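Dear colleague,

I am passing on the structure below, together with some notes on what came out of going through it. Please read the notes with the coordinates open beside you.

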Amino acid sequence: MLPRRLQQPGADVSPMRRIAVAGASAAALASAAAAAPEQVTIEARPAVTRWLQTMTLFGSVDSRRAEEIVTIQARPCGSPSQSFTNVDTARTSEGGSWSTEFRVLVNTTLRAVWNDRPSAQITVRARPGVSLRRRAARRFDVSVQGQSGGAMFWRKRVLLQRLDRRLGTWATVKKVVLTRSTGGVTFRASVPKGSLVRAVLPLSEARPCYLAGYSPLLRT
């Protein structure tokens with residue numbers, strides 16, 4: 001018969017030793033948690049905005065205290081620098097939450113900074129401003145506006161689309177090029193009376209700094 005010690009592996013580890021090991025592990029976890037820096041978060045609602053529309057940025061800080069200062073930093077698309085710049089500040093309320101209103105004019109990467117600690121980055125996206133006017137029976141005017149006016153959209157293509165009520169889809173009536181340096185063009189197009197039309201700057205023409213843009217609907 002085998003000795004009792006060989007029959008029970010681990011029997012030589014005393015209960016006191018197990019408690020000591022468990023205590024050391026708990027202490028190490030507590031020390032690591034204490035050493036982890038407090039965090040700040042940021043979110044946006046909505047994450048996609050129309051031209052000149054305001055969005056709400058919000059988040060929280062780990063301290064859960066009121067009157068903490070949170071700095072909003074931005075890096076807009078097309079910026080010559082890859083660094084972030086301060087664009088806004090917010091104060092926390094009781095519980096550590098914060099919010100502020102913000103207007104995004106171009107696709108932008110944002111982060112919040114609190115006590116010199118940055119949050120994770122988020123990207124908010126914007127649609128350019130597209131307007132469509134009817135000048136005469138077969139004459140239309142379209143213009144596109146962005147962060148630097150309409151100059152950045154010069155020579156871009158815009159689609160005039162008509163709603164097909166039977167199919168519930170949009171059909172392209174004409175493609176036009178923005179020939180004015182201000183991002184606009186006047187053109188002729190034949191559209192049946194009573195049609196619902198819109199102008200569209202497609203994503204292929206709007207990127208990388210914008211999403212596709214759509215004008216308000218116009219009835220001919």
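Predicted model: local features only at pLDDT ≥ 70, side-chain atom pairs only at ≥ 80, totals over all residues.

Residues are numbered from 1 along each chain as its sequence is written, and side-chain values use heavy atoms, with hydrogens and water left out.

**Overall fold**

Of its 220 residues, 36% are buried, where buried means under 20% relative accessible area, exposed over 50%, and partly exposed in between (1.4 Å probe, protein chains only). Among contacts (heavy atoms within 4.5 Å) with a separation of 6 or more, 58% are between residues 24 or more positions apart.

**Salt bridges**

Six salt bridges are present, each being a side-chain nitrogen of Lys or Arg within 4 Å of a carboxyl oxygen of Asp or Glu. Asp141, which is buried at a relative accessible area of 4%, pairs with Arg133, the closest N and O atoms being 3.6 Å apart, and also with Arg135, again with 3.6 Å between the closest N and O atoms. Arg133 is partly exposed at 49%, and a network of salt bridges links Arg133, Arg135, Asp141 and Arg180.

Glu205 and Arg157 form another salt bridge, at 3.7 Å from N to O. Because Glu205 lies in helix 3 (residues 203–206) and Arg157 in strand 12 (residues 157–164), this pair ties together parts that are 48 residues apart in sequence. Glu205 is buried, with a relative accessible area of 13%, while Arg157 is partly exposed at 38%.

**Surface charge**

Arg138, Arg139, Lys174 and Arg188 gather in a surface patch of positive charge, a patch being made of residues with over 30% relative accessible area and no salt bridge, like charges being joined within 9 Å. Lys174 belongs to strand 13 (residues 169–177) and is partly exposed, with a relative accessible area of 32%. Lys and Arg count as positive here, with the charge placed at NZ of Lys and CZ of Arg.

Conventions
Patch = residues over 30% accessible without salt bridge, like charges linked within 9 Å, V, L, I, M, F, W, Y side chains within 5 Å. Areas by Shrake-Rupley, 256 points an atom, 1.4 Å probe, with all protein chains shown as cover. Helix = DSSP H or I, 4+ residues; strand = E, 2+ residues; numbered from the N terminus.
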